Amino acid sequence: MSLPDGVTRRSFDGTQSLATTGEPVYGESTSEGWRQWVPDRSKLGAMFELGVDTGLAGGETVLYLGAASGTTVSHVADFAGPTYAVEFAPRPMRDLLEVAADRDRLFPLLKDARAPETYAHVVEPVDAIIQDVATRGQADVALANRRFLTDDGRLIMAIKARSEDVTREPDAVFADVIDRLETGYEILDRQSLEPYHDDHLAVIARPR
């Protein structure tokens, strides 16, 4: 799997790591204008480290669901095109706004990803949806936002088993979420995000 344009590997303190250019956000190491992308802090970073084929080439228009304070979406905006960052909670949104101040391609939206009709007037058709939400009904969120995805676009999703149902085995939760996803998406790949993130499954899909 090749990395998207704008993502590379650099040496940080003698260790090779993913990197993008841009202003640092979460105390990550920097080297000659490059900032380290720490996979333990980022589901998408973990996907790249594990060789998951996300379909991202660089320069895509992106809808990012569950942007939080901007750890991962800041890297995305460093290599992608216009990046719409949806976050529901006001506190992390304040941090996200600071991240966006240094990135003219990053557009924060204080909205609920479960209600895409509230931001449909803002978001243009996108090449990729990156989803990292901590809620029940994660498949429903992906299905509701499918309206924004181009016909040949990609859903890049991190399923959080413990957010979906803490009482059940993760594999059973993953199976149920994927069954629901398949009502609107064709699953292209799935892979555990261990050892970087326990009880998380990466899913790559395209719209049916």
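A salt bridge is a side-chain nitrogen of Lys or Arg within 4 Å of a carboxyl oxygen of Asp or Glu. The model shown in these views is predicted.

**View 1. Aspartate 112 and arginine 114 form a salt bridge.** The N to O distance between their side chains is 3.0 Å. The structure holds 13 salt bridges.

**View 2. Glutamate 49 pairs with arginine 9 in a salt bridge.** Their side chains meet at 3.3 Å, N to O. Glutamate 49 lies in helix α1 (residues 43–49) and arginine 9 in strand β1 (residues 8–12), so the pair ties together parts 40 residues apart in sequence. Glutamate 49 is partly exposed, at 23% relative accessibility, and arginine 9 is partly exposed at 36%.

**View 3. Aspartate 78 and arginine 35 form a salt bridge.** Their closest N and O atoms are 2.7 Å apart. Aspartate 78 belongs to helix α2 (residues 71–79) and arginine 35 to strand β4 (residues 34–36), distant parts of the chain that are 43 residues apart. Both aspartate 78 and arginine 35 are buried.

**View 4. Lysine 160 makes a polar contact with aspartate 132.** The contact is between the two side chains, at 3.0 Å. Lysine 160 is in strand β9. Its relative accessible area is 13%, so lysine 160 counts as buried.

**View 5. A patch of negative charge lies on the surface.** Glu124, Asp127, Asp151 and Asp152 gather there. Aspartate 152 sits in strand β9 (residues 149–160) and is exposed, with a relative accessible area of 63%.

How values were computed: Residues are numbered from 1 along each chain as its sequence is written. This is a predicted model: local features need pLDDT of at least 70, side-chain atom pairs count only at pLDDT 80 or more; totals for chains, interfaces and linings use all residues. Side-chain values use heavy atoms; hydrogens and water are left out. Patches are made of residues with over 30% relative accessible area and no salt bridge: like charges are joined within 9 Å, nonpolar side chains (Val, Leu, Ile, Met, Phe, Trp, Tyr) within 5 Å. Accessible areas come from the Shrake-Rupley method with a 1.4 Å probe; for residues, only the protein chains shown count as cover. Lys and Arg count as positive and Asp and Glu as negative; His and the chain ends are not counted. The place of a charge is taken as NZ of Lys, CZ of Arg, CG of Asp or CD of Glu. Helices (H or I, at least four residues) and strands (E, at least two) are DSSP runs, numbered from the N terminus. Buried means under 20% relative accessible area, exposed over 50%, partly exposed in between (1.4 Å probe, protein chains only). A polar contact is a pair of N or O atoms within 3.5 Å; within protein, one must be able to donate a hydrogen and the other to accept it, and residues adjacent in sequence count only if both atoms are side-chain atoms.
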